[in-house]
Amino acid sequence: MPGRRPERLGEQIREEVSQIILGELNDPRIGFVTVTDVEVSSDLRNARVFVSILGNDEEVARSLGALKAAAGFIRWHLGQSLNLRHLPELHFAHDKTARTATRIEEILKEEGYKAQTRESDHASSNASDGSGPGEPDQ
């Protein structure tokens with residue numbers, strides 16, 4: 001069991017990388033980026049930085065490419081704020097959780113609308129044939 005050190009380090013890296021992206025990076029290719037999670041390997045040599053990026057697929061790809069290009073710069077700033085003998089290599093990955101959640105919400109709304117439409121159609125057909133709720137069909 002590797003312990004909690006990778007988790008603690010991941011949380012520190014998440015906070016610091018968020019601040020570095022907000023305050024130090026001036027790359028116009030980077031859009032609205034949020035660091036959502038950091039997974040540090042058990043040997044502390046690699047860190048996968050998950051980012052949520054707003055925009056279409058082209059903007060997401062552009063922002064992710066810019067972050068990957070700036071990984072050395074971000075790592076250098078990270079070294080200034082964290083007192084570690086060896087800093088993990090940073091690997092940026094797109095976190096699609098927000099996009100997936102939005103799509104699930106859209107599907108649920110569509111299905112809710114369809115269910116309401118079916119219920120109102122069913123209620124109107126019952127009213128037109130004279131049988132109401134609770135009245136047996138003859």
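Accessible areas here come from the Shrake-Rupley method with a 1.4 Å probe. On that basis, the accessible surface of the chain in this predicted model comes to about 9800 Å², and carbon and sulfur atoms account for 50% of that area. Of the 138 residues in the chain, 30% are buried. Contacts between residues at least 6 apart in sequence were also examined, and 62% of them join residues at least 24 apart. The chain contains four helices and three strands, arranged along the sequence in the pattern α-β-β-α-α-β-α.

Strand 1 (residues 33-40) and strand 2 run antiparallel and are joined by seven bridges; Val 35, for instance, has Val 51 of strand 2 as its bridge partner. These two strands form a hairpin with five residues between them, and in the turn Leu 44 adopts a positive phi of about 65°. Strand 2 also pairs with strand 3 (residues 89-94), this time in parallel, through six bridges. Here Phe 50 finds its bridge partner in Ala 93 of strand 3. Strand 2 (residues 46-53) is itself mostly covered, with six of its eight residues buried.

Turning to the helices, helix 2 has 13 residues and reaches 18 Å from its first C-alpha to its last, close to the 18 Å expected at 1.5 Å a residue. At its start, a side-chain oxygen of Asn 56 comes to within 3.1 Å of the backbone nitrogen of Glu 58. The buried residues of helix 2 are Val 60, Ser 63, Leu 64, Ala 66 and Leu 67. Because they cover an arc of only 160° around the axis, these residues sit on the same side of helix 2. The face turned away from this buried side carries the exposed residues Asp 57, Glu 58, Ala 61 and Ala 69.

Conventions:
Residues numbered from 1 in each chain as written. Predicted model: local features only at pLDDT ≥ 70, side-chain atom pairs only at ≥ 80, totals over all residues. Heavy atoms only, no water. Buried < 20%, exposed > 50% of the residue type's maximum accessible area, 1.4 Å probe, protein only. Pairing = 2+ DSSP bridges. Contact = heavy atoms within 4.5 Å. Expected span 1.5 Å × (residues − 1). Arc of directions from axis to C-beta. Polar contact = N/O pair within 3.5 Å; in protein donor to acceptor, adjacent residues only side chain to side chain.
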